[in-house]
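Student: I have a model open and some labels to understand. Can we take them one by one?

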Amino acid sequence: NSRIRRFLLWLGDEQLCPAFIFLSVPTVAARRESLVVVLNDNEKGIFDSWIEDDERGTLRNKAALILGRRLGLRGVDVTQLLIENIDWDNMTIQIVQQKTQVGLVLPMPDDVADALYRYLMFERPETDEATIFVASRAPYKKLDTSFCRRAMDNALPDRNIPGSGYHVFRKTLATEMLQGGATPEEVAEQLVQSNKKSLHRYLSLDEERIRVCALSPSQRGITMEVDFL
């Protein structure tokens, strides 16, 4: 249908048929654009308080969640993270992303290092399993991605937005970086996002900088005529 519409549009431009006849051919499918869902300020505050409260949550859950919140890791990469991926001397985390198979070396902020260290030293059971995050009860096997969602539900129990799970941390980080002045290239490098165009929709959440993009009517060749008589 889209080819037929373009052909009819061309015929109309050439005055070989009525100009708007192309509208009679329906569009089969329109491009779908999903809304970007991120943590709001209240949820960020609740999350930060939960992380800092030693009486709430497990060290395992806090370490897993802070990896998503501070580094933008996907849940699958968190559950596949190996002990050998942590370079304590250089304070970096090195992984190969499961989705893209692209290697990634990220600086490890102090709070991320602290959360991982505390879990490994004081809560993680002794096991030969190579992954960092393992079950809390025997057999101490590695966890699947549902663990990340359960951990998030533990930190933000009142949050109930369909289709917005652990991945919301990644979206929130991308949005915060763009709002902080980072370029799409810098965000793509941090998140190893191969297609920078996919980051454009995050710009719609940056209300402060969007305001300066508004064009005046005169810039678009639109003149304002007022008849006071």
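Tutor: Start with Asp77, which sits in helix H4, residues 75–79. Helices are DSSP runs of H or I, at least four residues, numbered from the N terminus. This is a predicted model: local features need pLDDT of at least 70, side-chain atom pairs count only at pLDDT 80 or more, and totals for chains, interfaces and linings use all residues. Residues are numbered from 1 along each chain as its sequence is written, and side-chain values use heavy atoms, with hydrogens and water left out.

Student: Why is Ala155 called buried?

Tutor: Buried means under 20% relative accessible area, with a 1.4 Å probe and protein chains only. Ala155 has 1% relative accessibility, so Ala155 counts as buried. Ala155 lies in helix H6, residues 146–155.

Student: Why does Asp77 have no salt bridge?

Tutor: A salt bridge needs a side-chain nitrogen of Lys or Arg within 4 Å of a carboxyl oxygen of Asp or Glu. For buried Asp77, the nearest side chain of opposite charge is Arg74, 4.3 Å away. Lys and Arg count as positive, Asp and Glu as negative; His and the chain ends are not counted.

Student: Which backbone nitrogen lies 2.9 Å from a polar atom of the Asp77 side chain?

Tutor: That of Gln98. Gln98 is also among the contacts of Asp77, with Ile95, Val96 and Gln97, leaving aside neighbours within four places in sequence.

Key. Helices (H or I, at least four residues) and strands (E, at least two) are DSSP runs, numbered from the N terminus. Buried means under 20% relative accessible area, exposed over 50%, partly exposed in between (1.4 Å probe, protein chains only). A polar contact is a pair of N or O atoms within 3.5 Å; within protein, one must be able to donate a hydrogen and the other to accept it, and residues adjacent in sequence count only if both atoms are side-chain atoms. Contact means heavy atoms within 4.5 Å.
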